[in-house]
Amino acid sequence: MAQTESYFAGLDVGGTTVKSILIDDRGETAGRMVEVRSRVKDGYEATFGQLEQALTELAASAGIERTAIRGIGLDVPAPSSDGVIWGRANLADDWVGRDIRDRFSARVGVPVYMTNDGNAAAVGEYAMRRKHIGSLLFVAPGTGLGGGLVLPGGRVYEGANGLALEVGHISVPFTEDDGELPECSCGLKGCVEAWVSLVALRRRLRFELAKEAWAEHPLTLDPAPIEEKAFKLRDFAASGDPLATKIFEQQGMILGYALADLVRVFDPGLVVIGGGLAETTFRDRYLEWILEGFDTRAWPMYRRSPLDADKETTRFEWAIGGDSAAALGMAFTAWEMFR
Ligand SMILES: [Zn+2]
């Protein structure tokens, strides 16, 4: 394949790794995905060093000079506005309140666009669906519950301050077994993320394992800490275990319930569900639970057109980008903005 003049890099900064992808000026991927350690907890300067290493490795994998990279899309696991991070999340303190985007741009000598990881993955899913021309709402249950909204044409909706689509922190009216609204990692109570996240799985598992009904369950007898047990839940659910099924069923239904309100507000036409669940063998069942929850809250017209019963008004799909969606989304955005 003939080489093109300009290349665009997407850098997805996570808590432990930086995933990166290069595309050429026709929007085709070049070379291979490169993954390096992120060092976010050592501060932004240490992370910049890792990002530069990723750029060097990307260029080498595509057989080009690094100077051929003409623009960069960068995503970070924190709320940010205009290249400045507003909230700490899992980053070292020195990330907050600094012009991260402009400092990195000055260091590497190319224009940089910056947004959060949920937005980045949403654009990645959009970019991978080349025939899709409408909008796309993305949600990803993981450590937390991230999301993003892509408008027709591929631009992500960030809001006036870059703070839109913090979908994990809309409220849902569900109470825990103790009658309380569960606490969320953000400090509020009753957020949907407090039900649909890894943290939520740990709390729910603790409540369930305390019940007489599960006294003989392998996870009750397992001496491992609750964090490890929560990790094992997916495998249990995959083999049809009733406790794991009960917990994921509730999670899926509450996610569907929250999606009903999001779809009522944005009417995206397409909802893409990402995160680790997209890779599980029980995802078909999980999607049924989402739709069950959705139907308890959404009006029927948000599923099917009242004018044409065959026409779906909201399609639900699993993510197809895996853990490279965010990096691809950022490369795609850099290509759109800087070519
Ligand atoms: Zn919250």
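Which order do the strands take in the open sheet of four? Reading across, the order is β9-β8-β10-β11, and the pairing is mixed. Keep in mind that this is a predicted model.

Look at the edges of that sheet. Strands β9 (145-150) and β11 (315-318) stand there. Each has a single partner strand, so one side of each is left without a neighbour in the sheet. From one strand to the next, the twist averages 20°.

Now the pair β8 and β10. Strand β8 covers residues 136-141, and strand β10 covers residues 270-273. They run parallel, joined by three bridges.

Helix α7, residues 242-266, packs on it and touches β8, β9 and β10. The direction of α7 makes about 155° with that of β8.

What does β4 pair with? One partner is strand β1, residues 7-13. Six bridges join β1 to β4, and the two run parallel. Y7 stands opposite I69 in β4. Another partner is strand β7, residues 112-116. That pairing is also in the parallel sense, over five bridges. There, D75 stands opposite T115 in β7.

Now zoom out to the domains. The domain assignment gives domain 1 as 7-129 + 323-338, and domain 2 as 136-319. Note that domain 1 is written as two segments. Taken over C-alpha atoms, the centres of domain 1 and domain 2 are separated by 27 Å.

How many residues does each domain put into the contact? Domain 1 gives 16 residues, and domain 2 gives 18 residues.

Stay on the domain 1 side. The elements that give two or more residues there are β5 (80-81), α3 (117-128) and α9 (325-338). Which gives the most? That is α3, with nine residues. By class, the side of domain 1 that touches domain 2 has seven nonpolar, five polar and four charged residues.

That's my tour. Over to you.

Note on methods
Residues are numbered from 1 along each chain as its sequence is written. This is a predicted model: local features need pLDDT of at least 70, side-chain atom pairs count only at pLDDT 80 or more; totals for chains, interfaces and linings use all residues. Two strands pair if DSSP finds at least two bridges between them. Axes are lines fitted to C-alpha atoms, for helices over the stretch in contact, and angles run from 0 to 180 degrees between N-to-C directions. Two residues are in contact if their C-beta atoms, placed from the backbone, lie within 7 Å. Domain bounds come from an automatic or database domain assignment. Ala, Val, Leu, Ile, Met, Phe, Trp, Tyr, Cys and Pro count as nonpolar, Asp, Glu, Lys and Arg as charged, and the others, Gly among them, as polar.
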